[in-house]
Amino acid sequence: MSSASVQIIQAVMLLLFAPLAAGFISTCKARLQNRRGAGVLQPWRNLRKLFKKEVVMAHHASWVFRFTPYIVFTATLMAASVVPALLVDTPLSLTADVIALVALLALARFFLALAGMDIGTAFGGMGASREMTFSALAEPAMLMSIFVLSLSAHSTNLTTMITHTLNSPFALHPSLAFAMVAMVMIAVAENGRIPIDNPTTHLELTMIHEAMILEYSGRHLALLEWAAMVKLLLFSTLIVDLFMPWGMTAQADLTGVAIALGLWMVKVAGLLFVLAVFETSMAKLRLFEVPEYLSGAFVISFLGLLSYYMLEVGA
Amino acid sequence: MLSLNAALAACMVCTLATLIPAFCSRNGLQRSLLCLLLAVTGLLACIAGLAGLLVGGGDLTLPLGLPWLPMHLRIDALSSFFLLLIGSLLLSVAIYSQGYLRGMAHIASLTVFMPLFVLGMLGVVLSDDAFTFMLFWEIMSVSSYFLVTFEHQHVENRKAGYIYLLMAHLAGLLILGSFATLYAASGSFEFAAMREAVISPLWAAIAFLLAGVGFGTKAGMVPMHGWLPEAHPVAPSNVSALMSGIMLKVAIFGFLRVVWDLMGPGDFQWWWGMLVLAAGSGSAVTGVLLALQQNDLKRLLAYSSIENIGIILIGLGLGMLLARFEYPMLSALALIGALYHAINHALFKGLLFMGAGAVLHSTGTRNMEVMGGLIHRMPWTAALFLVACIAIAGLPPFNGFVSEWLIFQSALMAPQLGGTMLSTMIPFSAAMLALAGALAAACFVKAFGVVFLGRSRSEAASHAHEVDHWMKLGMAIPALLCLLFGLSPVLVIPVLDAIPQLLLHTSISDSVHAHGWLWLTPVDTGRASYSAPIILAGMLVLGGVTFWLLHPKGRTIRRSKMWSCGNPHLNARMQYNATAFSQPLRRIFSGVYQPEEKTHIARPFHTLLTQQVRYIVHIQDLMVQRLYQPVADYVLSLAKRLDRLHQQDIRAYLAYTFYTILFLLALLSIKQSIAAYHFWPLMQGKALSTQILAGQPRLPVAGLVTGVAV
């Protein structure tokens with residue numbers, strides 16, 4: 001197998017497994033709440049239904065509204081294909097480092113917020129305003145956490161960072177623990193999960209992501225929902241990559257890739273299960289407590305940085 | 001010599017353009033000539049800059065100026081880069097002006113002062129001695145005052161112009177002080193001598209502080225930014241584009257020239273970089289936070305300029321720190337990042353101001369609250385404005401991302417510099433850069449969303465019209481350049497590489513394009529890499545395939561009324577507007593803004609029947625209010641006290657004159673006695689003044705020497 005084919009497999013896998021991951025979370029949540037749930041495949045069925053449906057658009061919707069689903073979907077997919085999941089050194093992983101990855105997702109968000117404002121309903125503007133506000137607060141925290149990781153790896157390239165973690169002997173680094181907590185907190189916020197936003201509610205005054213896409217229908221809505229699922233899987237893979245990459249293969253041979261695939265699925269499923277447990281046991285935060293949550297994440301990652309300089313540099 | 005000749009020709013054309021009103025009086029002809037000559041100037045400046053960067057510059061001494069100090073001009077890599085920056089934006093602004101000034105009456109003052117303003121900026125960049133520098137600097141400041149007060153019939157424009165003039169001269173005074181310090185060390189006004197001079201650390205620090213605050217004031221660094229949000233919005237939009245796009249960069253040029261070139265990295269002290277870094281982080285975050293709360297489109301853009309100057313200063317501060325701790329490669333990377341952002345900001349901010357001018361031209365207002373839905377009426381302007389919004393928000397594949405990425409990289413790669421405080425300061429400023437970038441994205445979602453998207457909020461907005469071809473062309477050039485600079489940083493950076501070679505004697509061009517034109521790798525691929533062409537190509541292919549797959553024949557989009565939650569009477573006033581968009585941030589950062597909010601609820605009939613709710617919010621620039629107001633009050637009270645001295649009769653005035661002359665003579669004789677003391681190295685200490693008198697009998701005011709010096 002060439003590394004290029006693994007690259008393609010990886011990207012397609014992230015794309016196809018994303019609805020399954022979303023289905024997995026909702027099934028886990030249903031079981032935790034003593035319900036049977038709709039099954040792991042339900043998001044796939046929803047997508048299929050939406051792709052078949054007709055698109056209805058407001059009279060005064062502009063081209064920004066019409067092209068946003070495609071921009072959001074491709075930017076997210078592009079970001080997903082940059083993240084290594086199975087093979088450490090994929091051909092595309094050099095096109096964008098972590099910062100560029102974050103920027104690609106920011107591009108998707110930028111257009112989503114614009115589309116929210118395009119129709120001119122109160123809900124769309126509200127969602128756009130809140131999404132941009134909270135993401136502005138999340139971004140420095142995310143970057144700080146990446147900073148902590150890149151300090152020891154001397155790089156922001158995902159491949160180099162993963163190789164560094166794989167090659168260094170296992171040890172408990174306090175700075176990494178801080179960085180991981182911050183990163184998980186940010187990932188929850190960026191994906192609009194509880195306690196920041198609730199992806200399963202519509203028409204609540206506290207909704208953020210759903211408010212922006214309220215006017216969408218048919219295949220446009222399907223693309224946006226799919227992009228959101230890919231983003232969730234992308235963040236899980238990123239956390240797995242950065243903090244527990246063990247099992248990823250350096251060579252593109254069949255057994256190595258198969259083992260890596262199995263381990264990746266176990267690790268991501270574990271992460272998603274933890275998310276489901278948290279979502280079941282927690283209530284949503286009040287809207288204006290979200291900044292405190294995000295600045296908490298920033299402070300935690302900053303502590304990680306300080307502890308790196310104080311405890312680990314000389315050692 | 002090509003570059004020098006082109007630059008001189010640019011100056012000549014500019015000078016010629018100031019004379020237009022003298023030999024033609026028709027408004028239309030004046031406008032066309034002005035735009036033509038400015039475009040030629042821009043083109044020549046571009047040629048000069050490119051030639052200077054690629055072939056090399058030269059120097060020249062003009063027999064103009066003071067008798068003992070002819071004008072020294074010189075083009076090196078640094079001035080070439082800024083010539084290119086001036087030229088590229090000037091060219092598009094000149095084309096744009098041809099459309100923008102149409103229908104504007106009495107443009108004679110504009111035809112005089114706009115070329116003069118450009119001449120001032122060109123001269124500052126070209127000058128090679130302090131006198132020429134200050135001369136052109138003042139031409140630039142004074143002529144831009146007349147441009148700010150172009151529409152002087154409005155009171156607020158005159159006020160803005162006055163504040164601008166005041167602060168520009170404060171800045172000029174500080175810069176003059178810094179040159180005076182360097183003159184004292186070198187004994188010459190020529191830059192070549194200043195470069196060679198050895199300066200003591202204390203005096204170097206004083207010169208740095210004077211230059212930093214002076215140029216910072218002109219660049220709009222917080223807290224010296226008070227003039228910027230007043231002056232930029234009231235100037236005509238083509239002038240605002242030049243002021244924000246180029247003039248602020250000329251101040252950055254001045255800073256680089258004095259601190260990096262004349263003093264040089266050898267003189268940097270560790271706290272200099274810290275100070276610049278802190279000022280940059282502060283400006284970036286403060287600028288964007290205030291920009292978010294503006295409802296005046298051009299004022300929003302003005303505050304965002306403060307943010308971008310902050311980003312440039314973050315890059316320069318990092319470069320200074322890294323140069324001080326002897327990491328020339330990383331320092332060069334930070335410097336390149338800062339310069340890249342300077343040219344990027346010139347492009348997209350120029351474009352944004354031109355776009356705002358187009359909106360102003362066709363709706364007649366700068367107030368965002370009455371706009372909306374302009375994307376349907378002005379599709380070209382909207383698309384070009386959107387390009388600038390994406391670029392300024394620092395998103396790939398446009399140019400804003402590249403420069404911010406380079407600055408991030410130099411911050412991330414900065415190794416441990418003496419002490420934890422210093423080491424954490426760098427990541428912290430990078431986090432502030434991230435915060436500023438993300439807030440800028442929010443700010444420009446607001447700007448584009450409220451102005452161009454949604455439904456029109458007023459009669460003027462619903463009857464807006466698209467601008468003419470000149471204006472579209474003028475905006476299209478920087479938009480195209482934004483994309484090009486975003487896609488091909490690997491081709492641009494080697495051209496800029498002459499600047500770190502000049503200032504730091506190091507080159508990063510080898511490592512940058514070691515992997516071909518496709519990959520931007522600041523140090524090596526293991527560290528970080530970014531390839532905008534692949535990202536753009538990948539997105540185009542993926543997007544195209546998705547679009548093609550989802551559009552089989554016969555599947556059209558059904559247009560319908562928007563979904564209204566069952567309420568049949570939605571109107572345009574129910575949209576989120578500019579004030580509403582920034583409400584969450586106003587609440588989160590209420591400690592920073594301290595907004596004055598008032599809510600009036602009218603319940604005329606019954607306590608449960610609300611008829612009208614009125615919400616008034618007022619946000620002031622607290623920095624300006626708290627810092628400038630006390631100074632202004634103090635100056636005013638001092639002036640009141642001095643006022644008494646003016647209410648005298650003629651004898652008192654004669655006495656003033658007499659004592660002043662006496663004082664000046666005393667000053668002169670002190671100077672001469674000091675000079676005499678230096679000529680008499682053997683006579684140190686004893687009976688100083690009498691010995692000097694004996695030795696120098698021809699001193700004209702010798703009698704005063706004993707009287708004052710002893």
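Is B:Gln594 buried or exposed? B:Gln594 counts as exposed, because it has 11 C-beta neighbours inside 10 Å. (Exposed means 12 or fewer other C-beta atoms within 10 Å, buried means 20 or more, and partly exposed is in between; C-beta atoms are placed from the backbone.)

This is a predicted model, in which local features need pLDDT of at least 70, side-chain atom pairs count only at pLDDT 80 or more, and totals for chains, interfaces and linings use all residues. Residues are numbered from 1 along each chain as its sequence is written, while chains are lettered from A and ligands numbered from 1 in the order in which they are written.

**Backbone features in chain B**

B:Gln594 is not a glycine, yet its phi is positive. B:His505, also a residue other than glycine, has a positive phi. B:His505 counts as exposed because it has 10 C-beta neighbours inside 10 Å.

| Residue | Phi | Loop in chain B |
|---|---|---|
| B:Gln594 | about 45° | between α27 (590–593) and β4 (596–602) |

Helices (H or I, at least four residues) and strands (E, at least two) are DSSP runs, numbered from the N terminus.

**Cis peptide bonds**

A:Ile194 and A:Pro195 are joined by a cis peptide bond, with omega about 10°. A:Pro195 sits in the loop between α7 and α8 (209–212) of chain A. Another cis peptide bond links B:Val222 to B:Pro223, with omega about 5°. B:Pro223 is in the loop between α9 (201–219) and α10 (228–234) of chain B.
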